[in-house]
Structure formats: C-alpha cells, structure tokens
Amino acid sequence: MSKVAASRGISLRSKNGEQLNVYELETMTRKSAGWDIKFSRIRDHRVFRVHLSDAQMKAEKLVEDDFRDTPSFVAPPSEPGHATRKVEFICERLKRIVTIRLPKI
C-alpha cells in the first residue's frame with residue numbers, strides 16, 4: 001500500500017493504484033451459519049454489511065477475536081453489480097495480512 005497526496009489530504013492506495021478506504025468494525029452478529037458484519041468508514045461513517053460463513057472462517061483459520069482485536073480494515077470502494085466486497089486487515093494472531101471476499105447483505 002502507498003500513500004498518494006489527494007486534494008483533501010492523504011489517499012490510501014494498493015500496489016496497483018486502487019483506492020482503499022479505512023473502516024472499523026461496528027458490529028459482528030452471530031448467525032446460524034456464520035457472522036453478519038457491519039463496517040463503518042472512519043472518515044465519514046458510511047457503512048457496508050457483509051456475511052462471513054463459518055466455512056470461510058475455518059478455511060482462513062480465523063476466529064471472532066481476530067476481527068474484534070483489529071483496529072482498522074481496508075476495502076476498495078464498492079463495485080456496482082458485484083455481489084461481494086473485498087476486505088483486508090492485519091491479523092496479529094496469524095501474523096499476516098488477511099484478504100477475503102465476502103458476500104454483501
């Protein structure tokens with residue numbers, strides 16, 4: 001990720017120049033087959049909701065506290081017509097950057 005000067009401050013971008021927004025975890029609600037997660041953009045509190053299945057959590061070796069202990073997440077702007085949203089964060093427990101595509105709800 002790199003920082004690029006923007007007209008209103010600093011813009012966070014991926015290696016390929018894709019704009020990234022910074023979010024925080026607002027809610028993480030247990031459902032029968034996984035978790036419904038609500039993220040809030042730090043700058044202006046815009047939100048998006050996604051679903052994380054138990055199977056995907058197991059495949060990525062993630063636990064609930066990995067999300068609750070993460071201070072911020074990055075995600076590119078929503079792509080119109082796509083049913084998923086990419087979310088990335090640094091997982092301290094796993095010592096790696098986690099990149100997951102989650103279905104929107």
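In this predicted model, strand E7 (residues 84-91) and strand E8 (residues 96-103) run antiparallel and are joined by eight bridges. Strands (E, at least two residues) and helices (H or I, at least four) are DSSP runs, numbered from the N terminus, and two strands pair if DSSP finds at least two bridges between them. Within this pairing, Arg85 stands opposite Leu102 in E8. Of the eight residues of E7, six are buried, where buried means under 20% relative accessible area, exposed over 50%, and partly exposed in between (1.4 Å probe, protein chains only).

E7 and E8 form a hairpin, with four residues between the two strands. Lys95 lies in this loop and has a positive phi of about 60° although it is not a glycine. Most residues other than glycine have a negative phi. With a relative accessibility of 66%, Lys95 is exposed.

A positive phi of about 60° is also found at Lys61, again not a glycine. Lys61 is located in the loop between helix H1 (54-60) and helix H2 (64-68). Its relative accessible area is 61%, so Lys61 counts as exposed.

The average pLDDT (the predictor's confidence in each residue, from 0 to 100) is 89 for the protein, and 90% of the residues score at least 70. Over residues 2-7 the pLDDT falls below 50, and this stretch has 11 contacts beyond near neighbours in sequence, a contact being heavy atoms within 4.5 Å.

Residues are numbered from 1 along each chain as its sequence is written, and side-chain values use heavy atoms, without hydrogens and water. Local features need a pLDDT of at least 70 and side-chain atom pairs count only at 80 or more, whereas totals for chains, interfaces and linings use all residues.
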